[in-house]
Amino acid sequence: MNSNQETSIQRTKIIKKRRFNDLIDYFGITIAVLMGTCGWLIFLLPNEISMGGVTGISSILYWGLKIPVDATYFTINAILLGLALKILGFKFCIKTIYAVAVMTVFIRLIKPIAEEMHLLSDQPFMAAILGASFIGISIGICLLCNGSTGGSDVVAAMVNKYHDISLGNIILMCDLGIITSSYFVLRDWEQVLYGYVVLFVTSFCVDNVINKARRSVQFFIISEKYEEIARQINIEAQRGCTLIDGRGFYSDKEAKLIFVLAKQNESSKIFQLIDEIDPNAFVSQSAVIGAYGLGFDRFKVKKGKKKQQMA
């Protein structure tokens with residue numbers, strides 16, 4: 001087999017892997033949107049508890065003017081995504097467009113059922129906690145799948161492209177404004193306070209979902225079969241390995257250390273590979289506060305400040 005054939009096979013494998021990952025992302029977005037829709041329509045909307053984003057605006061217009069929430073949600077997101085396509089490009093918007101379309105369908109299907117159920121009508125605080133938990137987990141999963149449910153996320157991305165303002169601050173300001181404005185329809189500050197509780201719990205759930213999924217670990221592996229272990233980690237776990245020269249102080253023998261960085265959910269796979277090749281290998285695993293670069297998170301650098309310092 002010549003080098004051109006090997007390159008072609010590798011490209012085919014990469015394309016297949018990307019398609020498979022995309023299918024996993026769309027499946028995850030579908031489940032996440034279903035959770036978020038249930039949290040909103042079952043716990044928050046019937047109990048007149050506001051929230052941020054386009055769903056919050058849709059709720060306010062529904063309470064005040066009886067405009068169907070699916071119509072408002074779809075129309076506002078269609079306008080925002082139309083602008084985002086010009087500013088941010090099609091690649092950024094494709095999964096968000098899918099999420100918005102799926103959520104619009106779920107709203108029409110679930111809303112009649114939710115109206116009949118009307119759960120926790122006499123326990124608004126519990127309704128706020130449960131609704132916010134569903135929505136927070138939903139947003140977290142969507143972000144992990146490289147998508148979003150539109151709304152303030154899209155606005156934040158467009159503003160962030162031209163101004164050095166963090167995405168979190170933009171979303172927070174938008175959501176606070178929407179929740180506070182619900183007072184003009186509900187005329188009840190207690191309901192507004194429940195909306196602030198929803199915002200806090202949602203943020204907490206989003207952070208926990210994302211941080212747990214992105215948590216990284218590092219391995220130091222000492223084994224006489226280091227080449228075979230490193231090769232299998234490269235192939236099976238698809239993680240890079242670094243070989244470090246070492247020497248045992250007591251034994252005075254030379255040794256090779258394998259250094260590996262991986263996601264926490266990949267740990268069991270790596271342990272399994274090591275155990276299959278060399279059950280007597282010495283392995284040290286520890287948590288990593290942050291891992292940045294190829295295959296991990298992007299560097300958290302504010303470009304505006306960096307340019308000023310260089311000037």
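These are my notebook entries on a predicted model, written as I looked things up.

**Entry 1: helix α3**

I started with helix α3, which covers residues 69–87. I wanted to know how its length compares with what a helix should give.

Next I asked myself: which residues of α3 are buried? I found V69, D70, T72, Y73, N77, L80, L81 and A84. They sit on the same side of α3, because they cover an arc of only 155° around the axis. A reminder to myself: an α-helix has 3.6 residues a turn, so residues three or four places apart point the same way. On the other side of α3, I saw that I79 and K86 are exposed.

I also checked what comes after the helix. α3 is followed by G89, and the phi of G89 is positive, near 95°.

**Entry 2: the cores**

Then I looked for nonpolar cores. The largest one has 43 residues, and V33, W40 and L41 have the most contacts inside it. Which helices supply at least two residues each to this core? My list reads α1 (3–44), α2 (53–65), α3, α4 (90–117), α5 (124–144) and α9 (189–214). Another core, of 15 residues, lies apart from it; I233, A237, I270 and I274 are among its members. This made me recall that in soluble globular proteins, nonpolar side chains tend to be buried together.

Not counting residues up to four places away in sequence, L41 touches P46, V69, I107, I110, K111 and A114.

**Entry 3: I49, a loop residue**

I moved on to I49, which I found in the loop between α1 and α2. Is I49 buried or exposed? Its relative accessibility is 0%, so I49 counts as buried.

I looked up its contacts too, leaving aside neighbours within four places in sequence. I49 is in contact with F43, L44, W63, P124, A127, A128, Q191, Y194, G195 and V198. I noted P124 in particular: I49 and P124 are 75 residues apart along the chain, yet their C-alpha atoms are separated by 7.8 Å.

I repeated the length check on α5. With 21 residues at 1.5 Å a residue, α5 should span 30 Å, and its end C-alpha atoms are 30 Å apart, so this agrees as well. I wrote down its buried residues: A127, A128, G131, A132, S133, I135, G136, S138, G140 and C142. Just after α5, I came to N146, which takes a positive phi of about 65°.

In helix α9 I stopped at T202. T202 counts as buried because its relative accessibility is 12%, and the cut-off for buried is under 20%. Leaving aside its neighbours within four places in sequence, T202 is in contact with A132, I135, G136 and I139.

**Entry 4: the sheet**

Last, I turned to the strands. In what order do the four strands of the open sheet stand? I read β2-β3-β1-β4, with antiparallel pairing. β2 (241–247) and β4 (282–288) stand at the edges with a single partner strand each, so one side of each is left without a neighbour in the sheet. The twist averages 25° from one strand to the next.

I followed one pair in detail. β1 (residues 216–222) and β3 (residues 254–263) are joined over seven bridges, and Q218 stands opposite L261 in β3. Finally, I saw helix α11 (residues 267–277) lying across β1, β3 and β4, at about 10° to β1.

Terms used:
Residues numbered from 1 in each chain as written. Predicted model: local features only at pLDDT ≥ 70, side-chain atom pairs only at ≥ 80, totals over all residues. Heavy atoms only, no water. Expected span 1.5 Å × (residues − 1). Buried < 20%, exposed > 50% of the residue type's maximum accessible area, 1.4 Å probe, protein only. Arc of directions from axis to C-beta. Core = buried A, V, L, I, M, F, W, Y, C linked by side-chain atoms within 4.5 Å. Contact = heavy atoms within 4.5 Å. Pairing = 2+ DSSP bridges. Axes fitted to C-alpha atoms, helices over the stretch in contact; angles between N-to-C directions.
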